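Please open the model in a viewer and follow the stops below in order. Each stop names a selection and then describes what is found there.

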Number of protein chains: 2
Amino acid sequence: MTAGNGSQAEDRPARTGRRPGRSGAREAILRAARARFSEAGFDKTSIRSVAGDAGVDPALVHHYFGTKQELFAAVVQLPMDPEITLRAVDSAPLDRLGEAILRAVLGVWDSPAGAGIVAMVRSIIAGGDTALARSFLLEIVLERVRQRIATPADDGRLRVALVASQMVGLLMTRKIVELEPIPSATIEEVVTAVAPNLQRYLTGEL
Amino acid sequence: MTAGNGSQAEDRPARTGRRPGRSGAREAILRAARARFSEAGFDKTSIRSVAGDAGVDPALVHHYFGTKQELFAAVVQLPMDPEITLRAVDSAPLDRLGEAILRAVLGVWDSPAGAGIVAMVRSIIAGGDTALARSFLLEIVLERVRQRIATPADDGRLRVALVASQMVGLLMTRKIVELEPIPSATIEEVVTAVAPNLQRYLTGEL
C-alpha cells in the first residue's frame, strides 16, 4: 500500500507530493494527448501540439512516451505496443492475410495483456470514448492493412471495416459475452472457422 | 417533469405512492425475473418460479408481461418483441438464411427501436449483465436458428455462435464505434457484403 515506484506508480503517478514536476508534466501530457486524439484523431494530432497544450517541450513527450503511437497506446491504456502485432500482419502474404490477422490478434487476447484489452474495450463502449477507439482502429490498425489491399478501383475502406466488424464481434463473444463454444475453442479452431471469412472481406468478391 | 402515466411511467413505475399495490407487484416481478434469468438462464426459469419469488400469482405475471419471452424482453428492457424478428428468419429458405438474418436484424437496428437496443448493449457490456445477454442470445435468438441447421453430425452450436460474433461486431461498428463506411452503408450494401459470410457459417464448410 506504499506509494512506491513500481509499474503501477509509473502508469498513474502517485499524488504524494514527491517529484511533483515530473508527475505533473506526465499527467498534463496524457490529458492534453487524450483531448487532442479525441478531437482531431490520431493522424492530425502532433507531438508538438500535445506538448504545446501541456506546456512542456516536445522532447519531454518523446522522453516519457516514445513515439506518437506509443503515446496513443498510453492514452487508451493499451497494455502493449500495437506495433509488434502489426509487424506480424505486415509480413504475411496477401492471400493469407485473414489467417495472419486472426493469429496475431487472438495471440494478444489470450496473452497476459488480454485482460487489459478487454477492460479497455468495456470502458470505451460504456463511457463513450468511441472517438479514440475509432481513431485507433481506422488510423493505426486498419490503415496498415488497407494500404496492402487497396487497388486503383477499390480503396479497401469497406473491406477493412468489415474485417474490424468480425474481429470486434469475436472479441465480444470470446472474451466479454462468452458465447460458447467460441471462448473454449483453440486459436487453431477459430482460425479454421473464421479465416476464410476474413479473407473474403480482404481480397474476395464483395 | 410531472410523474405522469406516459410510456416512461409504464416501464419504470413512478414512486408516487399512488397505486402502490400494482407498481409494487410489477417491480417485484421484474426484480425476481431478473435474478432468476441471470442465475438459471431463460430455459430453466419458469413463470411459476418468478411468481413465487415475487410473492404473486403466476396469472398476474402473465397479465402484466405476457409470455416468458416478453417477460425476458421487459427485464433486459428490449424495446420490441423479438418474436416478430425471429418469425421473419423462420420463414426463410435454408440457403438464404444468412441474408434473412441480416435483413431482419438490420431492419430492427435502423427502426425507432434501434436506439433502445444500442443502449441495452452498451449497458450490458459496461455493467456486466453478460449472463442475461448470453442467455438471450443462446436460448432465444440462436436456438431457433440452430434447430434449423443442426444435423446428426453437427449440432450447429459453433455455427450460430459464429453468426452471433459477426452480428455483434456489425452492431458495434454500425451503431456504437461507427466505423465508416459501415454506418452509412444501406441495408442492401451490408447484405451484399456480409450475407455470404453468414451463410458460410450457417451451412458452409467450416
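At what angle do helix α10 (residues 157-176) of chain B and helix α11 (residues 187-203) of chain B pack? The angle is about 160 degrees, and the two axes lie 8 Å apart. This is a predicted model, in which local features need pLDDT of at least 70, side-chain atom pairs count only at pLDDT 80 or more, and totals for chains, interfaces and linings use all residues. Residues are numbered from 1 along each chain as its sequence is written, chains are lettered from A and ligands numbered from 1 in the order in which they are written, and side-chain values use heavy atoms, with hydrogens and water left out.

**First stop: α10 and α11 of chain B**

Helices (H or I, at least four residues) are DSSP runs, numbered from the N terminus. Axes are lines fitted to C-alpha atoms, for helices over the stretch in contact, and angles run from 0 to 180 degrees between N-to-C directions. The packing angle makes α10(B) roughly antiparallel to α11(B), a term for angles over 145 degrees. Select the contact residues (heavy atoms within 4.5 Å): on α10(B) they include B:Leu162, B:Gln166 and B:Leu170, and on α11(B) they include B:Val190, B:Val194 and B:Leu198. By class, this contact has 10 nonpolar, two polar and three charged residues.

**Second stop: α9 and α10 of chain A**

Next, select helix α9 (residues 130-149) of chain A and helix α10 (residues 157-176) of chain A, which pack at about 135 degrees with axes 9 Å apart. That makes α9(A) oblique to α10(A). Here A:Leu142, A:Val145, A:Arg146 and A:Ile149 of α9(A) meet A:Arg157, A:Arg159, A:Val160 and A:Ala164 of α10(A). Five of these contact residues are nonpolar and three are charged, with no polar ones.

Move to helix α6 (residues 82-90) of chain A and helix α7 (residues 97-109) of chain A, whose axes come within 9 Å and cross at roughly 160 degrees. α6(A) and α7(A) are therefore roughly antiparallel to each other. A:Thr85, A:Ala88 and A:Val89 of α6(A) take part in the contact, and the residues from α7(A) include A:Leu97 and A:Ala104.

Now display both chains; the contact takes 37 residues from chain A and 37 residues from chain B. About 3300 Å² is buried between them, 67% of it on carbon and sulfur atoms; buried area is the accessible area (1.4 Å probe) that two parts lose on being put together, summed over both. Select A:Ile125, A:Leu179 and A:Asn197, which supply 17% of the area that chain A buries against chain B, more than any other three residues.

Key. Helices (H or I, at least four residues) and strands (E, at least two) are DSSP runs, numbered from the N terminus. Angles under 35 degrees count as roughly parallel, over 145 as roughly antiparallel, 65 to 115 as roughly perpendicular and the rest as oblique. Ala, Val, Leu, Ile, Met, Phe, Trp, Tyr, Cys and Pro count as nonpolar, Asp, Glu, Lys and Arg as charged, and the others, Gly among them, as polar.
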